[in-house]
Amino acid sequence: MTYVREFRLFNTLWRLGRWSFSLCLAFIAKSLGLHMTPETLDGPVRAMVERIVPGGTVLDLLVHTERFARKDECFASVEEKVRRDGGERVLGWHIWKGNLIAEAELHAVWKSPDGQLTDIVPRPLFISRILFLPDEKIVYTGATVDNIRINLSGSPVVDDFIRAHSAKFALLNVGQRAYMQEFELSSSEKEVYEFLISMISGIEYMALARRGIDDPCLCRSGKAYRVCHRPQLESALEVLRTNGYFSPSV
Ligand SMILES: [Zn+2]
């Protein structure tokens, strides 16, 4: 009896500890502005959802990671789950929200034979549920698809952050690269890639510090961002556009 009681006490303490640990991690993640599952769908995020799937319903799904599932391979992982346990693969968009932007990421989840939808890929410890927008229009071809991103801050600096992300995606996924895991960038591509990577982290830093385009540039040149690195980003985008990496609208 004593043993059982002690075991129960230990069990409760263990669960309590684990729960507070996850809560702490969630708090830290939120303070750092990391992407989280939004608690509610507010105006701009709802508008993004409506644009992707008009009249669509966002579902709140539990994460139940399968040991064989891989983070970046949700499509193959769900296919494997269907082979093992039946059910079917459902395609749609995973909705993320950070301090600066919200994103919709192409994603596959598992529908059990009794109709329950579950996210089966590994997630950080503090994420136990995801928001998922099923989209019947998606035809999965194996090509990598860019995330859909919206600016939540209204700042033009965040617009640049989004454009730099789109440019990086275009560079890494042009033509057949969208189907490839490994490939070599040419030396001029490498130069643009490294520039975009440094821009992305620099702009993110500026945006989180609530600096606008008229504030000092991320490179500490003393000049305003508007006349320093902003035009440099514009020229990098222009190079990619004229070389057919992406459409003129980006
Ligand atoms: Zn600069």
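The model is predicted. The protein chain contains 6 helices and 6 strands. Read along the sequence, these elements follow the pattern α-α-β-α-β-β-β-β-β-α-α-α. The protein chain has 250 residues, and 24% of them are buried. Among contacts between residues at least 6 apart in sequence, 70% join residues at least 24 apart.

Strand 2 spans residues 88-97. Strand 2 is mostly covered, with 7 of its 10 residues buried. Strand 2 pairs with strand 3, which covers residues 101-111. These two strands run antiparallel and are joined by 10 bridges. Strand 2 and strand 3 form a hairpin, with 3 residues between them. Within this pairing, Trp96 has Glu103 of strand 3 as its bridge partner.

Strand 2 also pairs with strand 5, residues 129-134. The pairing is antiparallel and runs over 4 bridges. Trp93 stands opposite Leu133 of strand 5. Ile95 stands opposite Leu131 of strand 5. In a regular strand, side chains alternate between the two faces of the sheet.

Strand 5 has a further pairing, with strand 1. Strand 1 comprises residues 59-62. Strand 1 and strand 5 are antiparallel and share 4 bridges. Here Leu59 stands opposite Phe132 of strand 5.

The loop that joins strand 5 to strand 6 (148-151) contains Val139. Val139 counts as exposed because it has 6 C-beta neighbours inside 10 Å, and a residue is exposed at 12 or fewer. The C-alpha atom of Val139 is separated by 8.5 Å from that of Leu91. These two residues are 48 residues apart along the chain.

Two packed helices are described by the angle between their axes and the distance between the axes. Helix 4 covers residues 156-172, and helix 5 covers residues 187-208. Their axes come within 9 Å and cross at roughly 155°. Helix 4 and helix 5 are therefore roughly antiparallel to each other, as angles over 145 degrees are classed in this way. Their crossing is left-handed. From helix 4, the contact is made by Val157, Val158, Asp160, Phe161, Ala164, His165, Ala167, Lys168 and Leu171. From helix 5, the contributors are Glu189, Val192, Tyr193, Leu196, Met199, Ile200, Ile203, Glu204, Met206 and Ala207. By class, this contact has 14 nonpolar, 1 polar and 4 charged residues.

Helix 4 also packs with helix 6, residues 229-242. The axes of helix 4 and helix 6 come within 11 Å and cross at roughly 30°. The two helices are therefore roughly parallel to each other, since the angle falls under 35 degrees. This crossing, too, is left-handed. Helix 4 contributes Asp160, Arg163, Ala164, Ala167, Ala170 and Leu171 to the contact. Helix 6 contributes Arg230, Leu233, Ala236, Leu237 and Leu240. These residues divide into 8 nonpolar, no polar and 3 charged. Asp160, Ala164, Ala167 and Leu171 of helix 4 are among the residues in the contact with helix 5 and among those in the contact with helix 6.

Backbone geometry was considered for two arginines. Arg210 lies in the loop between helix 5 and helix 6. The phi of Arg210 is near 55°, a positive value in a residue other than glycine. Arg210 is exposed, with 10 other C-beta atoms within 10 Å. Arg220 is found in the loop between helix 5 and helix 6 as well. Arg220 has a positive phi of about 60°, although it is not a glycine. With 9 C-beta neighbours inside 10 Å, Arg220 also counts as exposed.

Terms used: Residues numbered from 1 in each chain as written. Predicted model: local features only at pLDDT ≥ 70, side-chain atom pairs only at ≥ 80, totals over all residues. Axes fitted to C-alpha atoms, helices over the stretch in contact; angles between N-to-C directions. Parallel < 35°, antiparallel > 145°, perpendicular 65-115°, else oblique. Left-handed = near helix turned anticlockwise from the far one by under 90°. Contact = placed C-beta atoms within 7 Å. Nonpolar A, V, L, I, M, F, W, Y, C, P; charged D, E, K, R; others polar. Buried ≥ 20, exposed ≤ 12 C-beta atoms within 10 Å, placed from the backbone. Pairing = 2+ DSSP bridges.
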